[in-house]
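The following note is meant for a colleague who is meeting this structure for the first time. Its points are numbered so that each may be checked against the display.

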Amino acid sequence: MKTDVAGTVAEWIGEARKIVVLTGYELSAECGLPDFTDARLNPHIRDFRESRDVRAGYWKKIMEIYPSLVGAEPGPGHRALAELEMLGNLDCIFTQSTDGLHRKAGSTTVIELNSSILWITCPGCGKDYSLDEIAAMLEKGTDVPVCRECGSDQLKPAISFPGQPPPHWEAREAWMRLHNADLFLIAGASLDSEPVASYPFLARENNARVAVISEKEGPADDYVDAVIYGKPGQVLSYIIKKVKEGITIS
Ligand SMILES: [Zn+2]
């Protein structure tokens, strides 16, 4: 970790009026969660709708990861961002993760760009189920959950599968919030696909500072104000500690 750059980002946090944060899979991975881009967890919507076997395979995989999902605890990155909210200048956290760990850490201004894996909706009648309710149905021996209201066996989480547009309200909200931000912090997120790929550029156009924290190189690294390569949880903890100490490094 380049502590000088992290110190500079801490200084920017101290100066910012409105901070928008984007987080993603790297924070979830630090908590032992699987990669939700795994093909069995991410079937094409057409295959999911048309094939009972695909749906059965999907729910089998969900049941495999269910214990780690419900048992997961927030990591240092989630906790650091919950502390950042208490400091007063955080506008909101956008997350690509669907695991609910920011809320579990105590963050209240969280917008889930890809919705949540913890809520399942019936496309037939709109009834919502918690993942716990679905797991209870599956534990009774059925391989595909069936809606208690309308009998549909097409239940799925609100997350977008390939072939479905990303949730619209969330993307629009991100666009509006980024227009008003003066610091955009990207931690452990993937900038490989739209609309998220444009967010750093959108923030820059509005004169916000943009900082990226990631274990890997990303497509926006050459265009942002600071890049820190390292585990996002560790880096965020360090930065927030610096902010709280009021230490500035220039
Ligand atoms: Zn239904």
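Predicted model: local features only at pLDDT ≥ 70, side-chain atom pairs only at ≥ 80, totals over all residues.

1. Helix α5 covers residues 76-87, twelve residues in total.

2. Which residues of α5 are buried? They are Gly77, His78, Ala80, Leu81, Ala82, Leu84 and Glu85. An α-helix has 3.6 residues a turn, so residues three or four places apart point the same way. Just beyond the end of α5, Gly88 adopts a positive phi of about 105 degrees.

3. As to the whole protein, the model contains ten helices and nine strands. The C-alpha atoms occupy a box of roughly 60 × 35 × 30 Å along the principal axes.

4. Burial and surface may be taken together. Of the 250 residues, 50% count as buried. The accessible surface amounts to about 11,700 Å², and carbon and sulfur atoms contribute 49% of it. Among contacts with a separation of 6 or more, 67% are between residues 24 or more positions apart.

5. Which residues coordinate the zinc ion? Cys122, Cys125, Cys147 and Cys150 do so, each through its SG atom, at 2.3 Å. Along the chain these donors follow the spacing C-x2-C-x21-C-x2-C.

6. The geometry of the zinc site is tetrahedral, with angles of 98 to 117 degrees among the four donor atoms. For four tetrahedral donors, the ideal angle at a metal is 109.5 degrees.

7. Is Glu173 buried or exposed? At 15% relative accessibility, Glu173 counts as buried, because buried means under 20%. Leaving out residues up to four places away in sequence, Glu173 touches Phe94 and Ile111.

8. Phe161 lies in the loop that joins β6 (156-157) to α8. Its relative accessible area is 1%, so Phe161 is buried. Apart from neighbours within four places in sequence, Phe161 is in contact with Leu41, Asn42, Pro43, Ile45, Phe48, Tyr58 and Lys156. Phe161 and Asp99 are 62 residues apart along the chain, and their C-alpha atoms are separated by 16 Å.

9. Arg40 is located in the loop between α2 (25-29) and α3 (45-50). With a relative accessible area of 43%, Arg40 is partly exposed. Residues up to four places away in sequence aside, Arg40 touches Tyr58, Lys61 and Glu64. Tyr58 is also among the contacts of Phe161. Arg40 and Trp59 stand 19 residues apart in sequence, with 9.2 Å between their C-alpha atoms.

Note on methods. Residues numbered from 1 in each chain as written. Heavy atoms only, no water. Donors = N, O, S within 2.8 Å, 3.2 Å for Na, K, Ca; no water. Tetrahedral: all angles 85-135°; square planar, octahedral: opposite > 155°, others 65-115°. Helix = DSSP H or I, 4+ residues; strand = E, 2+ residues; numbered from the N terminus. Buried < 20%, exposed > 50% of the residue type's maximum accessible area, 1.4 Å probe, protein only. Contact = heavy atoms within 4.5 Å. Areas by Shrake-Rupley, 256 points an atom, 1.4 Å probe, with all protein chains shown as cover. Expected span 1.5 Å × (residues − 1).
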